Amino acid sequence: MVSTLLVSQLVILGLMYGLLYGVLALGLNIVWGVMRVVNIAHGDFVMVGSYTSYWAFVLAGINPIISLLLTIPLGFALGTATYLSLVKRVQGSEELMSLFLTFGLSTLIGGLLLFLYSPTQRAIPIYLGNLAYLGLSIPVNILIASVYAIIVALGLRIFFTRTFWGKAIRAVIDDKISAMLVGINPSMVSLLTFGIGIAIACSVGSIIMLLESVSPVSGPDLTLISFVIVVLGGLGNPAGALVGGVLLGVVESVSSIAVNAAVTPAIGFIILFIVLIVRPQGIMGSR
Amino acid sequence: MTSRFFFRRAISTAAVAAIVVVLVIVVVAGVYIYTTSSKPKTSGPSVITIGMTMPLSGSLASDGQMSLDGLKMWAQDVNSSGGIPVSSLGKSLPVKLIYYDDGSNTQTVATDYAQLVTQGVNFLIAPYSSPLTLAAAPIAEAHHILLLSHGGASDSIWAKGYQYVVGVLSPGSQYMIPVIDMLNSLNPKPTNIAFFFGNDPFSLSVMKAVEPYALSKGFKIVFNQTYQESATDFTPQLSQIASTGAQVLIGGAHFVDGETIMRNLNSLGVKLDLVSLLVAPDDPHFLADLGPLANGVTVPSQWEPNLDFSKFSPYFGNIANGQQFYNRFMSLYGIAPNYEAAEAYATGLVLEKAIIDSGSLNSTVVRQQLSSENFYTFYGHFQIDSTGKQIGHTMVVAQWQNGTKQTIWPSSVATAQPLYPASLPSQPVSVMSQSSSSVFSQLSMNPVSIPYQQTASALVTTYQVPTGQSTKPS
């Protein structure tokens, strides 16, 4: 009954969406993993990126892909400023404190966006069509999103393995005390990490504008799905976020053959429960 | 020691006495304030307060704003004409709308309606959408306050035995019936239909009614699923629909998900002969957001600007016809009204008429009056059954054709022929049958042309659709 072609189509769609899920969760993952800061405002920073891209398009006709050049530095600046002014003060205390702080931040950003831009759903009408290949249909918008996810993942990998600060961040994840003993400044590492985390979040906001419409209250949904992916993939392992994202994307997509679409949002949590029972540290996580 | 004991006792006695005195003062003052403040109430209020929440943020914000704007326009019109005459009070009273943003959230609705009741509102108007209306209904019922529904269409609202909930719009079960009739009249007639509805009370009540009706008309249902409205991607399901050989997609729920379906269909390159979605395509933003992708999409509609019911009697309201409502709304808000705005305004008219005819501000009396009402407004017929469900009003089918929303069914009020197959607009349009319902056969043809340029420019001013010009974010 179910054709191989349809299953392949669904796997490919799931893979592409999964990569986007992965890069969505990447920023949250490194912030949580390195700084032990639970960033509830993650999705709201994504929305800041989305709205920046939206207005760049409306006011100057800038394509969301080009506006990455705007949202990445904006995100980094926003991230470092937030770290220096707020996050720094709760870092080192209980994780609950950072949760309170970022929850407040989330409410503040969501409220500000609502105040500035009204609750109207915003979308950028760019439709790039689809590539037809061997009977498969590959939407170009999603393809771009997944290619961007791969570029970010590779870029981060190079950063973490080839640069001093990348290695310093990894050292702090492994053992903060030893890292300090060899002269790594943990505040600098935190500053950099939060900046990069928020820069990725904002840039994903631009990419999301290629796929869907957003409103100021879309942020918390993105935060929730990011948390599921981070826990799925394993805390503090950037590759884990991608693996968790792809797993979620493919299962959601392929399961649509068997289950009603109304059940789809629950699938992420079902996978999460299974992973937590079988492998509590996450797929790529280490104890 | 003894004196100290007595001293302490004396203090405590004094304290008790003081407390008693304070209590007496509080009670007396309370009774005095209560009696004096309730006095003007018995002699008659100076304003008719109407309480409601609207989804002004969250997933239903776009629909909620349209509805609120419709109601505000009604209130403005009533007050500028001197208010509503209430015969039992011997005077006309202005109306005052008290509204809160419920964030598209049922829990907020429940809290806010309880709050509105304690504020002593005279009447309640339901929030937009069925789930939110269902959240408000039990509170209105418990306090015996009339709740008028303008945007909650689910049949389930009127299946719970509520006495105080009255619907102004056609219920969900009626939505897709004219679409099936329209498809049935096409030549060649499509055979394969895919159903893909939202998993909410409204969409489910639409689906429950259209399924057996489509089967009875000889259509084959090749796909049948429901989805969560909050989902942001439907590509897996739409890929499956494409693989089933469906010619027509019928489904949807509200605005955001409807747009997502269209975006996803386009990104997958799926070609269907016709798409008919609930709610979303009726909103002018649908065209602004989707541009050419909107072309050919149809929507069951509660109201379109070309409808003119002024020949029917008794006719009520200062709005002569759909065209006049359209123009008034456009000049007030700078955007074309959709049916949500019209049904909200009409809800105000229904309340107005029932207050005038009953001469009372008592919910029970006004509710009784509504049972015997049978009249027309610019929005159409009003008549309810014993449960409060609307049975007078009828639906039409609209379709986007080259940037203009045309009424395509029933043929007696149609401003254009159906574009079918919609994915191939160059092909000749099909021949329509002449069947039509009794109400519409009496209606005059009054085509309202809403040219794309006009609609688009209106949208540009309000919603900053890209034009290359520099506009300020709002």
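This is a predicted model: local features need pLDDT of at least 70, side-chain atom pairs count only at pLDDT 80 or more; totals for chains, interfaces and linings use all residues.
Chain B touches chain A through 34 of its residues, which are in contact with 39 residues of chain A.

**Where the two chains meet**

- About 3100 Å² of area is buried between chain B and chain A, and carbon and sulfur atoms give 57% of it.
- The polar side of the interface comes to 13 residue pairs in polar contact, counting pairs with both residues at pLDDT 80 or more.
- On chain B, the elements that give two or more residues to the side touching chain A are strand S9 (220-227), helix H7 (235-243), helix H8 (255-268) and helix H9 (284-290).
- Helix H7 of chain B gives the most to that side, with 6 residues.
- By residue type, the side of chain B that touches chain A divides into 12 nonpolar, 19 polar and 3 charged residues.
- For salt bridges across the interface of chain B and chain A, the rule finds 0.

**A helix of chain A with a buried face**

- Helix H6 of chain A covers residues 164-174, and its buried residues include A:Gly166, A:Ala168, A:Ile169 and A:Val172.
- The face of H6(A) turned away from the buried side carries two exposed residues, A:Phe164 and A:Asp174.
- What do the buried residues of H6(A) pack against? Their partners in chain A are helix H1 (4-35), helix H5 (140-162), helix H7 (176-181) and helix H8 (186-208).

- A polar atom of the B:Thr347 side chain lies 2.7 Å from the backbone oxygen of B:Glu343.
- Beyond its neighbours within four places in sequence, B:Thr347 is in contact with B:Ile125, B:Leu148, B:Ser149, B:His150 and B:Val168.
- B:Val165 belongs to strand S7 (residues 165-167) of chain B, and B:Val165 is also buried, at a relative accessible area of 0%.
- B:Val165 and B:Ala137 are 28 residues apart in sequence, with their C-alpha atoms 6.7 Å apart in space.
- Leaving out residues up to four places away in sequence, B:Val165 touches B:Ala137, B:Glu141, B:Leu147, B:Ile157, B:Trp158, B:Thr387 and B:Gly388.
- B:Asn122 is found in the loop between helix H3 (106-118) and strand S5 (123-125) of chain B. Is B:Asn122 buried or exposed? With a relative accessible area of 17%, B:Asn122 is buried, as the cut-off for buried is under 20%.
- A polar atom of the B:Asn122 side chain lies 2.8 Å from the backbone nitrogen of B:Thr49.
- Not counting residues up to four places away in sequence, B:Asn122 touches B:Val47, B:Ile48, B:Thr49, B:Ile145, B:Leu361 and B:Ser363.

**Backbone features to look for in chain B**

- In general, most residues other than glycine have a negative phi, and most peptide bonds are trans.
- B:Pro410 has its place in the loop between strand S16 (404-409) and helix H13 (438-442).
- Another cis peptide bond joins B:Tyr420 and B:Pro421, with omega about 0°. B:Pro421 is in the loop between S16 and H13 of chain B.
- B:His144, which is not a glycine, has a positive phi near 55°. B:His144 lies in the loop between helix H4 (130-142) and strand S6 (147-149) of chain B, and B:His144 counts as partly exposed at 47% relative accessibility.
- B:Val279 has a positive phi of about 60°, although it is not a glycine. The loop between strand S11 (274-277) and H9 of chain B holds B:Val279, and at 2% relative accessibility B:Val279 counts as buried.

Conventions. Residues are numbered from 1 along each chain as its sequence is written. Chains are lettered from A and ligands numbered from 1 in the order in which they are written. Side-chain values use heavy atoms; hydrogens and water are left out. Contact means heavy atoms within 4.5 Å. Buried area is the accessible area (1.4 Å probe) that two parts lose on being put together, summed over both. A salt bridge is a side-chain nitrogen of Lys or Arg within 4 Å of a carboxyl oxygen of Asp or Glu. A polar contact is a pair of N or O atoms within 3.5 Å; within protein, one must be able to donate a hydrogen and the other to accept it, and residues adjacent in sequence count only if both atoms are side-chain atoms. Helices (H or I, at least four residues) and strands (E, at least two) are DSSP runs, numbered from the N terminus. Ala, Val, Leu, Ile, Met, Phe, Trp, Tyr, Cys and Pro count as nonpolar, Asp, Glu, Lys and Arg as charged, and the others, Gly among them, as polar. Buried means under 20% relative accessible area, exposed over 50%, partly exposed in between (1.4 Å probe, protein chains only).
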